[in-house]
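The entries follow in the order I worked.

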Amino acid sequence: MSNPQQPTIGDLIEFDAGLYCHWAVYIENEKLAHLVGCKENGRLCVECENSEVRHDSFQEVAKHFISWRINNLLDNYRCEVKPLIEILEFTEKTKGPAPYDILNGNCEHYAMICRYGVNISFQVQELKAKLPGFVKKYEKYKENRKRIKKIFN
């Protein structure tokens, strides 16, 4: 997958997966920091404690997607970009096990926090606007899942 853009440290990389986009932060030496869902559910992960922030090679991540682009979208809204050293320190500090929640803590949330310190996912905002009942059903799902875990643990 070729792309004429050359990312620099701190750039947000948006990978097109068709139905959704995966987000990462370019950290240096062709490496990305990104939040990945649990191994059991892969791309279908909606919530789990078995996820992680990983530092992977750009090419290894890119080969799983249709295309990619640099998308520092909040720069256009005069959102303050963190100093590069803070971005790198944060990605290093958060590397390893991490919770994942599709509505409140997904890969886009992680990328936005890294670059801007803002916890937002525009994909989630769009989903909420298009499917307002989804959030209630998802919260019910999480509630039931917690009950089941208590029973079986």
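Which residues form one aromatic cluster? I found Phe15, Tyr26, Phe58, Phe65 and Trp68 in it. I note at the start that this is a predicted model.

**Entry: aromatic pairs**

I then looked at ring pairs. The count comes to five aromatic pairs. I picked out Phe58 and Trp68, whose ring centres are 4.7 Å apart. Their planes stand at 75°, and over 60 degrees counts as edge-to-face, so I logged the pair as edge-to-face. The pair links distant parts of the chain. Phe58 sits in helix 1 (residues 58–62), and Trp68 sits in strand 5 (residues 67–70), 10 residues apart.

Are the two partners buried or exposed? Phe58 is buried, with a relative accessible area of 2%. Trp68 is buried too, at 8%. I checked both against the cut-off: buried means under 20%.

**Entry: overall layout**

I went back to the whole chain. I counted five helices and six strands in the protein chain. From the N terminus, the order reads β-β-β-β-α-β-α-β-α-α-α.

I looked up burial next. Of the 153 residues in the protein chain, 41% are buried. For contacts with a separation of 6 or more, I noted that 62% are between residues 24 or more positions apart. The accessible surface of the protein chain is about 9,400 Å². Carbon and sulfur atoms hold 55% of that surface.

**Entry: helix 2**

Which residues of helix 2 are buried? In this helix, residues 84–93, I listed Ile87, Phe90 and Thr91. I then looked down the helix axis. The buried residues of helix 2 fall within an arc of 95°, so they line one face of the helix. On the other side of helix 2, I found Ile85 and Lys93 exposed.

**Entry: surface patch**

Last, I searched the surface for nonpolar residues. Ile148, Ile151 and Phe152 form a nonpolar patch there. Together they have about 390 Å² of accessible area. I placed Ile148 in helix 5, which spans residues 132–152.

**Entry: recap**

For the aromatic cluster, I start from Phe58 and Trp68, two of its members. For the nonpolar surface patch, I start from Ile148, in helix 5.

Technical notes
Residues numbered from 1 in each chain as written. Predicted model: local features only at pLDDT ≥ 70, side-chain atom pairs only at ≥ 80, totals over all residues. Heavy atoms only, no water. Buried < 20%, exposed > 50% of the residue type's maximum accessible area, 1.4 Å probe, protein only. Helix = DSSP H or I, 4+ residues; strand = E, 2+ residues; numbered from the N terminus. Arc of directions from axis to C-beta. Contact = heavy atoms within 4.5 Å. Areas by Shrake-Rupley, 256 points an atom, 1.4 Å probe, with all protein chains shown as cover. Patch = residues over 30% accessible without salt bridge, like charges linked within 9 Å, V, L, I, M, F, W, Y side chains within 5 Å. Salt bridge = Lys/Arg side-chain N within 4 Å of Asp/Glu carboxyl O. Phe/Tyr/Trp six-rings, centres within 6.5 Å; stacked < 30°, edge-to-face > 60°.
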